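Please take a moment to look over the sequence and the model before reading on. A guided walk through the fold comes after them.

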Amino acid sequence: MMHLHPYGVEPEGNALLVGQAAAWNLRMRGLGLWLGILSDSLLIEWLHLLFPQELCALGSCSRAQLALTSIEDPWKAFLLEHRQDTCLTFLGTWKASVLGKKATYRSPKTALYSDVLYQPFRVVRARLDLREKESRETVSRISRNEFFHQAPCKQKPFIVRGWLSDDETKNERLFTHDPERICHAGGYEFKVKDFIRYSQNNMDDRPLYVFDKNFLDSTTVLKEIRYVPSDEDADDLFRYLDKEWRPDHHWLIAGGPGSGSTWHIDPNGTAAWNLCLAGSKRWFFAKSPPPGVHPSADGLDIATPVSVIDWYLAFYEQARTQIFECHVHSGDLVFVPSGWYHAVLNTELDGLTIAITQNFCSPQSLSHTLRLLRDRPHLVSGLGAHKHLYKDSSCLGLAFKSKLETVLQRHRPDLLDVALNELNRPSSLWAKIVHSSSFADAPSSGGFHHDSLSSVVKKQKNNKGRTSQHVLNDINDTTGKAEERTPASSIFTFDFSNVST
């Protein structure tokens, strides 16, 4: 069902019903020659250069220009960038907040066909309907006692229902107990009371939400909540680092309906737990990039729709068989394994959704963290205090890896040895063959020789029906023959036990 836009904007596809020529004439008549020939995206960029008085003057020229100048982004940018440390009086839309009065809509008589202008309205309508849709639960449940013993080992998402009882969640008090306190949302500062007013009344297609790394450092309310996981509970290896070298790791998260984080991977190869204190969230998980999500080759950027609802509307039906998902409520705790893509949508319509979260480096994810810091050191995150001391982020990442290995060598040397051995061990069958053959020419290296390796390859060519297990048998036989020719003290041992067949 298509909802009626207050200014008469319709999706571009509807222009086929009236004919392209008629739709073009409506556009040119409503926007004028010079504005009509520009793309909608370019028009919106141009609107960001205008002041409120100019936007109002332009909007008074025609219904089409009124619809164009009523899109929220230019008004939002102006208000947030030009307000002077005063309380934000939010009146339901950013335009109304700038002008100090609520907007009145004209009854549209002619339509403007534009996906760019219609999409924000469509997203807002969808966020109101989303909670009513049935949510599948494909994330496994686990008990609180088993959580940190089993979840990191299995490397898949888990949920604990009722981690906190209702009286332990303290509802919204963690966030709302000091209305004058400053919080950070979307790169801007708000007083808590102003953000609450905004979250309860906005019609944004991408609502701002609080993601504040400093909020938990000074609040005393957190101590009143029992059973909040500690560094020791999660066995967070980053806790051994000095405070100035420990990456940002815990945050308070708060937002109204429709807010949330789009698809991403947690930084520094870490896993995470997320404890919902109030409201409800819908979680989506994927081991590899789901439809509509495209990471760059270096992993630095992820191209994805601008909001979770945008992705949901466009790709959810295609992705539902490839992802895990669940709906959590106040008191539930979620485990996010390292390296997994995930997205979160706040679905509580009657108030704020509030959560606390912490990223941690578990013993099971240590090799993943070290591999990321070795192969992609530029992806290091949460060390802003040290950025100015290093040439670039790659140098900073390598320095952090060195610091981490140093403290673990002092506090957890056995764990570090296991992680480094796993890090340096070839993971694929071909990598193991190449790695082992590189030792063939060294007289004291052991392993198997080139002629033996060639015999393995020839067998494969002569019998294409042989499986990967047959390859392993040939390699092991060849390795055994090499051991007979090589002194035991100089044999280099290769472990093929973890190769998948």
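Predicted model: local features only at pLDDT ≥ 70, side-chain atom pairs only at ≥ 80, totals over all residues.

Residues are numbered from 1 along each chain as its sequence is written, and side-chain values use heavy atoms, with hydrogens and water left out.

Let us start with the whole chain. Of its 501 residues, 49% are buried. Here buried means under 20% relative accessible area, exposed means over 50%, and partly exposed lies in between, with a 1.4 Å probe and protein chains only. The protein chain exposes about 25100 Å², and carbon and sulfur atoms supply 51% of that area; the areas come from the Shrake-Rupley method with a 1.4 Å probe, and for residues only the protein chains shown count as cover. Among contacts in the protein chain with a separation of 6 or more, 76% join residues 24 or more positions apart, a contact being heavy atoms within 4.5 Å.

Which residues touch the most other members of the largest nonpolar core? In this core of 61 residues, they are W94, F147, F175 and F195. Strand β10 (residues 271-278) gives the core its largest share, five residues. A nonpolar core is a set of buried Ala, Val, Leu, Ile, Met, Phe, Trp, Tyr and Cys residues joined through side-chain atoms within 4.5 Å. Another core lies apart from the largest one; it has 23 residues, including L241, L383, L408 and L415.

The aromatic rings deserve a look of their own. A search of the whole structure finds 25 aromatic pairs. The rings of F190 and F195 have their centres 5.9 Å apart and their planes at 70 degrees, so this pair is edge-to-face. For the geometry, rings of Phe, Tyr and Trp (its six-membered ring) pair if their centres lie within 6.5 Å, and planes under 30 degrees apart count as stacked, over 60 as edge-to-face and the rest as tilted. F190 and F195 are both buried. F284 and Y316 form an edge-to-face pair too, at 6.2 Å centre to centre and 70 degrees between the planes. F284 lies in strand β11 (residues 280-286) and Y316 in helix α15, so their pairing ties together parts that are 32 residues apart in sequence. Both F284 and Y316 are buried. One aromatic cluster is formed by F90, W94, F175, F190, F195, Y198 and F215.

The buried residues of α15 are V308, I309, D310, W311, Y312, Y316 and A319. Helix α15 (residues 308-319) spans only 13 Å between its end C-alpha atoms, whereas a straight helix of twelve residues would span 16 Å at 1.5 Å a residue; the expected span is 1.5 Å times one less than the number of residues.

Charged pairs come next. Side chains of opposite charge can pair when their charged atoms come close. The structure holds 19 salt bridges, each a side-chain nitrogen of Lys or Arg within 4 Å of a carboxyl oxygen of Asp or Glu. In one of them, R161 pairs with E137, and the closest N and O atoms are 2.5 Å apart. R161 lies in the loop between β4 (158-160) and α11 (173-176) and E137 in the loop between α9 (115-130) and β3 (140-141), so the pair ties together parts that are 24 residues apart in sequence. R161 is partly exposed at 26% relative accessible area, and E137 is partly exposed at 34%.

D235 forms a salt bridge with R412, with the closest N and O atoms 3.1 Å apart. D235 sits in the loop between α14 (231-234) and β8 (250-255) and R412 in the loop between α17 (393-411) and α18 (413-424), so this pair ties together parts that are 177 residues apart in sequence. Salt bridges that share partners join E137, R141, R161 and D332 into one network.

Finally, the backbone. D235 has a positive phi of about 50 degrees although it is not a glycine.

How values were computed: Helix = DSSP H or I, 4+ residues; strand = E, 2+ residues; numbered from the N terminus.
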